[in-house]
Amino acid sequence: MPSRSKDFYTGLIFIAAGTAFFLGAQQYEVGVAARMGPGYLPALAGAFLVFLGGCSLFTGLRSKSSETITSEPLEPFLLVVASVVAFGLLIDWAGFIVAMAALIAISCLRRLRKHPWEVLAIYVGLTAFCVGVFHFALSMPLPLWWGG
């Protein structure tokens, strides 16, 4: 297999994701620009991703350099995914404030070891902002604590 640039593989990923979004949106009513249905935005986003992927793929094919993909550690990716999963599992059962604590603590685990006060400040600020926006300003039925 010939060595390809990062742009080539990025284009393939964008095209695959955009196609999945576009096809997934087809199970909903798409509508038109004047009367958008629930599938309109995902279909539009999917089409845009396919377009961007095509541009990136074309750039990668024309590129003379072979800037290849380097190996990156998986830990940051896994921590972010684990934090989002923990948030999703805890939000209904333990409430928003506890779920945010888990999200911040897990995603900032490396930083938490050396700078715990910084991570605490991020948690307090982000949680206060989100509670203010979602619970108070938008009046979303968001359980803040256990059972409530």
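## What covers helix α3

The buried residues of α3 are covered in part by α4 and α5 (109–114). Covering here rests on contact, defined as heavy atoms within 4.5 Å. Buried means under 20% relative accessible area, exposed over 50%, and partly exposed in between (1.4 Å probe, protein chains only). Helices are DSSP runs (H or I, at least four residues), numbered from the N terminus.

This is a predicted model, in which local features need pLDDT of at least 70, side-chain atom pairs count only at pLDDT 80 or more, and totals for chains, interfaces and linings use all residues. Residues are numbered from 1 along each chain as its sequence is written, and side-chain values use heavy atoms, with hydrogens and water left out.

Which residues of α3 are buried? They are Leu79, Ser83 and Ala86. Viewed down the axis of α3, these buried residues fall within an arc of 65 degrees, so they line one face of the helix. The arc is taken from the directions that run from the helix axis to the C-beta atoms. An α-helix has 3.6 residues a turn, so residues three or four places apart point the same way.

The face turned away from the buried side of α3 carries exposed residues: Phe77, Val84 and Leu89. Val84 has 51% relative accessibility, so Val84 counts as exposed.

## Ser83 and the length of α3

Ser83 lies in helix α3. Ser83 is buried, because its relative accessible area is 2%. Neighbours within four places in sequence aside, Ser83 is in contact with Leu103, Ile106 and Ser107.

The helix α3 has 16 residues. From its first C-alpha to its last, α3 reaches 22 Å, close to the 22 Å expected at 1.5 Å a residue. The expected span is 1.5 Å times one less than the number of residues.

## Helix α4

How many residues does α4 have, and what should they span? The 12 residues of α4 should span 16 Å at 1.5 Å a residue, and its end C-alpha atoms are 16 Å apart, which agrees.

The buried residues of α4 are Phe96, Ile97, Val98, Ala99, Met100, Ala102, Leu103 and Ile104. Their cover includes α3 and α6.

## The nonpolar core

A nonpolar core is a set of buried Ala, Val, Leu, Ile, Met, Phe, Trp, Tyr and Cys residues joined through side-chain atoms within 4.5 Å. The largest one here has 14 residues. Those with the most contacts inside it are Ile91, Phe96, Met100, Ile104, Tyr123 and Leu144. At least two residues of this core come from each of α4 (96–107) and α6 (116–137). The helix α4 gives the most, with 6 residues.

Take Ile91 as one member. Leaving aside neighbours within four places in sequence, Ile91 is in contact with Phe96, Ala99, Leu142 and Pro143. In soluble globular proteins, nonpolar side chains tend to be buried together.

## Salt bridges

A salt bridge is a side-chain nitrogen of Lys or Arg within 4 Å of a carboxyl oxygen of Asp or Glu. The count comes to 2 salt bridges. In one, Arg110 pairs with Glu75, and the closest N and O atoms are 3.0 Å apart. Arg110 lies in helix α5 and Glu75 in helix α3, so the pair ties together parts that are 35 residues apart in sequence. Arg110 is exposed at 53% relative accessibility, while Glu75 is partly exposed at 31%.

Glu118 and Arg111 also meet in a salt bridge, at 2.5 Å from N to O. Glu118 is partly exposed, with a relative accessible area of 35%. Arg111 is partly exposed too, at 40%.

A disulfide is a pair of cysteine sulfur atoms within 2.5 Å. How many does a search of the whole structure find? It finds 0. Cys108 is in no disulfide; its nearest cysteine sulfur is that of Cys130, 13 Å away. Cys130 is in no disulfide either.

Both cysteines are covered by the burial rule. Cys108 counts as buried at 18% relative accessibility. Cys130 counts as buried at 12%.

## A positive phi

Ser139 is found in the segment after α6. Its phi is near 55 degrees, a positive value in a residue other than glycine. Ser139 counts as exposed, at 57% relative accessibility.
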